[in-house]
Amino acid sequence: MSKKIFSGVQPTGNLHLGNYLGAIKNFVELNNNKDNQCIFCVVDLHAITVKQDPKELKQNIRETAATFIASGIDPNKSIIFNQSAVSAHAEAAWILSCVSKIGWLNRMTQFKEKAGKDKEKASIGLYSYPVLMAADILLYDSTHVPVGDDQKQHLELCRDIAQKFNNDFNAVNFFKVPEPLIQNKFSRIMSLKDGTKKMSKSDPSDLSRINLTDKKDEIINKIKKAKTDDQLMPESAKNLDSRPEVENLLGIYSSLKNQSLEKSITEFKRKNFSEFKEKLSDIIVDKIEPISKEIKKLLDDKNYLDKILLDGSNKASKIASKKINEIRQLVGF
Ligand code: AMP
Ligand code: TRP
């Protein structure tokens, strides 16, 4: 059966190694399978759930599209577009918000993390963010959604919303209930400065992450400064839980080499960190530097990127407008 793949990335700048290993690397593999129909969306409506500078946002939309292409997604095979260009997303999100329960949204951990201590000051958009995400997915009858581990809860909510809408409007199988595609290994890349915190775009310290636009010397420097401990490299995976930074670096190495954690542990058993860090930098530079160079090249040709996004949004619009019309009928408009 051909899979219908949908995923989104926010154009909020600083795309990093966590985005690449947790999501984009997977997008590229799915794009390369000729049986799949893939849609990769730059989710700019999600981005404005926290304040954005309009000029930077515009640039970040292009940069996210450039990152998709530079990483290996072929715009002739997959649809690449930005969410705000297809108004059905916002419309479907409103309708779906009317079947979603407050109790479901109250359980979302990402909102709690992002809103921080003062929940009263967070935007309503930040709170209803997962409903918009459900609209994105359901408008395209998506069967599979590749994401990093942090989006698992949002996908479960999307499945609940799809089923509730189908039930409420007596429309059996109208919305397809999508399956998450979350890699079982290395699906959560942690900060280089604190192995208990997710690698994140919004971490104030640039040393906490490898950006996909970092140059070779920046990568080497960040790995040199990455937190480890004063023991030797581990002999087995047994006590790695108590050494989260070491586990994370070994995970990054294994994921980039497409090999098991156990194999990497054997490779560096009882060695010094300096030797491991050198090899780790080499492989990150090997994978990331060509992407970083290609992103820069693509960003010099804004017209090309704008054309890809326009073509993509025309194609996406055709699919989404058919579905939103059916939704309107079911609701009684
Ligand atoms: P975002 O930048 O929040 O739009 O995330 C884009 C994609 O990257 C989503 O599928 C996330 O699950 C994934 N992602 C973000 N941060 C990480 C991380 N530290 N480790 C693994 N995946 C991540
Ligand atoms: N919420 C996702 C994130 O922060 C981005 C996203 C928006 C998404 N819409 C989506 C991912 C639809 C998958 C499918 O990473």
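**Exercise 1. Placing ligand 1**

Task: Find which pocket of this predicted model holds ligand 1, and describe the shell around the ligand.

Solution. 
Step 1. Start with the space. Ligand 1 takes up the largest pocket.
Step 2. Count the neighbours. The ligand is surrounded by 17 residues. Gln-10, Gly-148, Asp-150, Ile-189 and Lys-201 are the closest.
Step 3. Sort the shell by class. Eight of its residues are polar, five are nonpolar and four are charged.
Step 4. Trace the shell back to secondary structure. Helix H1, residues 17-32, provides the largest share, four residues.

**Exercise 2. Polar contacts of ligand 1**

Task: Which protein atoms lie 3.2 Å, 2.4 Å and 2.8 Å from polar atoms of ligand 1?

Solution. The cut-off for a polar contact is a pair of N or O atoms within 3.5 Å.
Step 1. Take the oxygen side of the ligand. One oxygen atom of ligand 1 sits 2.4 Å from a side-chain N or O atom of Asp-150. Asp-150 is also among the closest residues of the shell.
Step 2. Turn to nitrogen. A polar backbone atom of Ile-189 is 2.8 Å from a nitrogen atom of ligand 1.
Step 3. Check the cover. On its own, ligand 1 has 490 Å² of accessible area, and the protein covers 92% of that.

**Exercise 3. Placing ligand 2**

Task: Describe the site of ligand 2, and state which element gives the most to its shell.

Solution. 
Step 1. Locate the site. The space that ligand 2 takes is the largest pocket. The space of ligand 1 is likewise the largest pocket.
Step 2. List the neighbours. Ligand 2 has 13 residues around it. The closest are Gln-10, Tyr-129, Met-133, Asp-136 and Gln-151.
Step 3. Assign the elements. Strand E1 (4-9) and helix H7 (124-138) each contribute at least two shell residues. H7 gives the most, with four residues.
Step 4. Classify. The shell has seven nonpolar residues, five polar ones and one charged.

**Exercise 4. Polar contacts of ligand 2**

Task: Which side chains place a polar atom 3.3 Å, 2.7 Å and 3.1 Å from ligand 2?

Solution. 
Step 1. Look at the oxygen atoms of the ligand. An N or O atom in the side chain of Tyr-129 is 2.7 Å from an oxygen atom of ligand 2. A polar side-chain atom of Gln-10 is 3.3 Å from an oxygen atom of the ligand.
Step 2. Look at nitrogen. The side chain of Gln-151 has an N or O atom 3.1 Å from a nitrogen atom of ligand 2.
Step 3. Check the cover. The protein covers 91% of the 360 Å² of accessible area that ligand 2 has on its own.

**Exercise 5. Positive phi**

Task: What is the phi of Asn-14, and what is that of Asn-173? Classify the exposure of each residue as well.

Solution. Over 50% relative accessible area is exposed, and partly exposed lies between that and the buried limit of 20%.
Step 1. Asn-14 has a positive phi of about 50°, although it is not a glycine. Asn-14 sits in the loop between E1 and H1. Its relative accessible area is 33%, so Asn-14 is partly exposed.
Step 2. Asn-173 has a positive phi near 60° and is not a glycine either. Asn-173 is in the loop between helix H8 (152-168) and strand E5 (179-181). Asn-173 counts as exposed because its relative accessibility is 57%.

Notes:
Residues are numbered from 1 along each chain as its sequence is written. Chains are lettered from A and ligands numbered from 1 in the order in which they are written. This is a predicted model: local features need pLDDT of at least 70, side-chain atom pairs count only at pLDDT 80 or more; totals for chains, interfaces and linings use all residues. Side-chain values use heavy atoms; hydrogens and water are left out. A residue is near a molecule or strand if one of its heavy atoms lies within 4 Å of it. A polar contact is a pair of N or O atoms within 3.5 Å; within protein, one must be able to donate a hydrogen and the other to accept it, and residues adjacent in sequence count only if both atoms are side-chain atoms. Accessible areas come from the Shrake-Rupley method with a 1.4 Å probe; for residues, only the protein chains shown count as cover. On a 1 Å grid over the protein atoms alone, a cavity is a set of points where a 1.4 Å probe fits but cannot get out, and a pocket is an open set with protein on both sides within 12 Å along at least five of seven lines; lining residues have an atom within 4 Å of a point. A molecule sits in a cavity or pocket if more than half of its atoms lie within 2 Å of its grid points. Ala, Val, Leu, Ile, Met, Phe, Trp, Tyr, Cys and Pro count as nonpolar, Asp, Glu, Lys and Arg as charged, and the others, Gly among them, as polar. Buried means under 20% relative accessible area, exposed over 50%, partly exposed in between (1.4 Å probe, protein chains only).
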